[in-house]
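Subject: Handing over the structure

Hello,

Here is the structure I promised to pass on to you. Please have a look at it first, and then read on for what was found in it.

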Amino acid sequence: MYSHGSESLIKQAREIQESELQKFYSRLVKLLQVKELGHETLDSLQRLHLILSANKYTRRLPSDLQQRLLLLLSSPAEQLQVLSYAVLKETLPSSGEERNISQLNTHAAALLVSQESRAGLSNLCAQLIHGLEGRVSDGPARSLMFTLPVLKSILTLSPECLTEEHVIILSKKLVDWLRYASIVQGGGASSGGFFIGPRSRQPLPTAELDGSVSGDFFTVLCVGQGFTEDQWMNVYSFSMLRQWLLTYHSVSSGNNTMDAANRLQLSLSFSHSFSNDDRSEVDGSVVSMVSVTSSSSRLLPPKERLREKAFEYCQRLIEQCDRKAQKKTDTDLQKACMVEAVSILDCVCVEDPSLVFRAFPSIKALFGRLSLDLSFARVLLPIAQFYLNHGEMAAVDCESVWKLVFGRFPAELFNDPFLAHELLRFLRLNLESLQLRTPEFIRFLPNLLKFLAWDSSAVVDDFVDLLPSLVTEGTAVEMLHTLLDLPCLSATLVLQLRSMSLPISEPSNRGLLSLDAFRNPAFRGLFLFLLRVETGSGHTIDRLSTLHDLLAEAADWPRVVCCAQTVPVLLHIYFNTVVTVADEKLLAHLVLVMLERSSLLFAIPTYRKEIHRVLSCHLLRLCKLRPSLVVDQSHQLLEFVGTTANVYSQEEVYTHVVWVLGEYLSVSSDSRCSVTLITSCFETLEAVLFEITSSAPPPGTVCPAPKVITTLMSALAKLASRSHDLIPRVSLFFSKLRTVARSGSAVWCSDEDDLVAIATRGEELWSLLKAPGVAQSVLTPPPHVMTPRWHRDTNLAMPLQLRVLTRLTHSQ
């Protein structure tokens, strides 16, 4: 919803008159003719964007204004570029409009993609690539340097506009820029942000981030005073390399890949190298490896050669990341480059599996170096992706990787929003592969849920997608407990962070009583259970009430409340999934858990109410799906309904359990249902109904809802209709109920209209029971009555009538 002020502005923008709009256009053109554009121009452009975007129909701007806005796309001011792009995107392009490709930038390219036809984009790409075919020093420096970013913008949204010939040309150019850029500093170029180096008048070699002279070809991690154009093209090429490989490169044909014998030989030698001391993996220089492969790669086709050079480039980047950077910003750059380098290596190894055996030594060495430092967590995720995709082929044990990614990361970095997003994205994208190759990752389920408990609103969509795949026969019961305890886990995570930040000797004050409990060794086991990393680590069901008391003050913490709001949604997904994977034994166990946990929920009022509603809904669904569950669990169900306190504390669940007993405790649902069982259930329900209708509710509670009482009455009537010996007993109760209703007052019912409705329901059931045969047909109708197919039954008149009506309508 918009604020009142925003709605007023939008209304004004929609109701502007054409004459006023033309005056506004003219005034804006004059403002844009001024050399120095001020705040008035910015405000006018923002207003123009609001007018155009709030209007239902796309407008066409005057040609002079359109041209001025197109010129703004090349303005040195980023704000003007963005505003002009936003305005032009809401307009129709001028007919016969020509674009100067030497002035294109990212915004102009995005505008072209949104407004240009496919043929026009293809022509534009052809011009851009034709401009790249000449020597780097031929054309204007700025146009060539910005060609790749523009191409990337266009190809991101319209990759089909490049022909195979163009792909080959650009692949060749990328090889040259990546591998053969100058290693001498440029004298005229200014420092480029993270490219900072010592000043020198004479051209000097580029340096590494640790200050040493670059020993091999130029990469984005080389620094210097200034940079030549081919070095800038090297940077741009690397920035678009992965997208280029994913978009335009496919798995090579058999002629370009190694035959089975060579691959087997490589595999054996690779396994042998891993069986030796791990130091042998890093003893060989990346530089020497590159020099060995460079000469042979010249004979490869352009796509395969780009793949080879991309491999060499990423290997060199990984070697450069091993150097200690002199500045923190350079350390962050190293992390970003490691992420991209490992992702590109993964990409090229997917395309050409023979490269796996050359890449794995450096990847394994990198993992060994970074795995002890959690500040590299986001770098380790692409490494985990590499292990997942190629670990089986390389016969490498990946257990240590999964223990780190699914074990330590959520346990220690649950409050890192970026890591949470990337790890859950990794799970979603690779769920099938993980289930096939690493099915044991599900044992880390309680750990993964820490992301949800900490920042529910941000990651709930991820878990909506993931949860169905995480529900198995082995995890179903523990997952139900864990989902119900999610608000407690959220509170415990808050306490864990507070415990680390606050001194232990600090006295407790209001709001920190739970923190003392968290630090108390007597309760440590409860909190450790909630913070467990893997499934099957014991249970705490017997002490849940104690845990809830310890965390009582957390019931109104915003993070805990937000977490509690997501649980009903996830429970619906859980139950919708579990019915597809569980057998009858597991479903019977889940029914018991639902009854048990309905009274053991964290004391958030709205939370308990919502959970009772969800449990009631799915308890009914489970029993409808498997009516035999009612007989199997009759003892526990009767014990639940026989506890009068449940009428007042768990009204929703209690009502549905009573309905289930009355509906499915019959021979028609399960042949094992005996008269003795029906009588036992009747007597239990009768005792509860008599108790709640003969006395006032306990102190601190309200009168039972009419729905509970009428459901109990209906269940008794159903049971009596199946065992006629019980009819006099229930009829006697209905007669007493009528007497009470006529008196007009009852301590167990606070509303006179509710009392009349209850008495009316009793009279209806009493009348039915006077004819037992009719009562059984009405109260327990046979299946064919509950699921009628009269329109298909040829023995009835309905199909004939439908056919006659159909013919009459067609004849008219």
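Is Y574 buried or exposed? Y574 counts as buried because its relative accessibility is 0%. Here buried means under 20% relative accessible area, exposed means over 50%, and partly exposed is in between (1.4 Å probe, protein chains only).

Before the rest, some notes on how to read the values. This is a predicted model, in which local features need pLDDT of at least 70 and side-chain atom pairs count only at pLDDT 80 or more, while totals for chains, interfaces and linings use all residues. Residues are numbered from 1 along each chain as its sequence is written, and side-chain values use heavy atoms, with hydrogens and water left out.

Aromatic rings

Y574 forms an edge-to-face aromatic pair with F575, with 5.1 Å centre to centre and 75° between the planes. Rings of Phe, Tyr and Trp (its six-membered ring) pair if their centres lie within 6.5 Å; planes under 30 degrees apart count as stacked, over 60 as edge-to-face and the rest as tilted.

Some rings have a charge over them, which requires NZ of Lys or CZ of Arg within 6 Å of the ring centre and within 35 degrees of the ring normal. R559 lies over the face of W454, 3.7 Å from the ring centre. R316 lies over the face of F217, at 5.6 Å from the ring centre.

A salt bridge here is a side-chain nitrogen of Lys or Arg within 4 Å of a carboxyl oxygen of Asp or Glu, and the count comes to 31.

One of them is R307 with E351, whose closest N and O atoms are 2.9 Å apart. This pair links distant parts of the chain, with R307 in helix α15 (residues 302–320) and E351 in helix α16 (residues 328–351), 44 residues apart. Helices (H or I, at least four residues) are DSSP runs, numbered from the N terminus. R307 and E351 are both buried.

R428 and D462 also meet in a salt bridge, at 2.6 Å from N to O. R428 lies in helix α20 (residues 417–429) and D462 in helix α23 (residues 456–470), so this pair ties together parts that are 34 residues apart in sequence. R428 is partly exposed at 31% relative accessibility, whereas D462 is buried at 8%.

E764 and R761 have their closest N and O atoms 3.7 Å apart, and both lie in helix α39 (residues 752–769), three residues apart, about one turn of the helix. E764 is partly exposed, with a relative accessible area of 43%, and R761 is partly exposed with 30%.

A helix and its neighbours

Single residues to look at

L484 is in helix α24 (residues 476–484) and is buried at 2% relative accessibility. Leaving aside residues up to four places away in sequence, L484 touches L571, R597, L601, Y607 and I611. The C-alpha atoms of L484 and A564 are 8.8 Å apart, although 80 residues separate the two along the chain.

A395 is not a glycine, yet has a positive phi of about 55°. Most residues other than glycine have a negative phi. A395 lies in the loop between α18 (377–390) and α19 (399–413) and is exposed at 61% relative accessibility.

Finally, the cysteines. There are zero disulfides, counted as pairs of cysteine sulfur atoms within 2.5 Å. C222 is buried, with a relative accessible area of 0%, and C623 is buried with 2%.

Best wishes

Technical notes:
Helices (H or I, at least four residues) and strands (E, at least two) are DSSP runs, numbered from the N terminus. Contact means heavy atoms within 4.5 Å.
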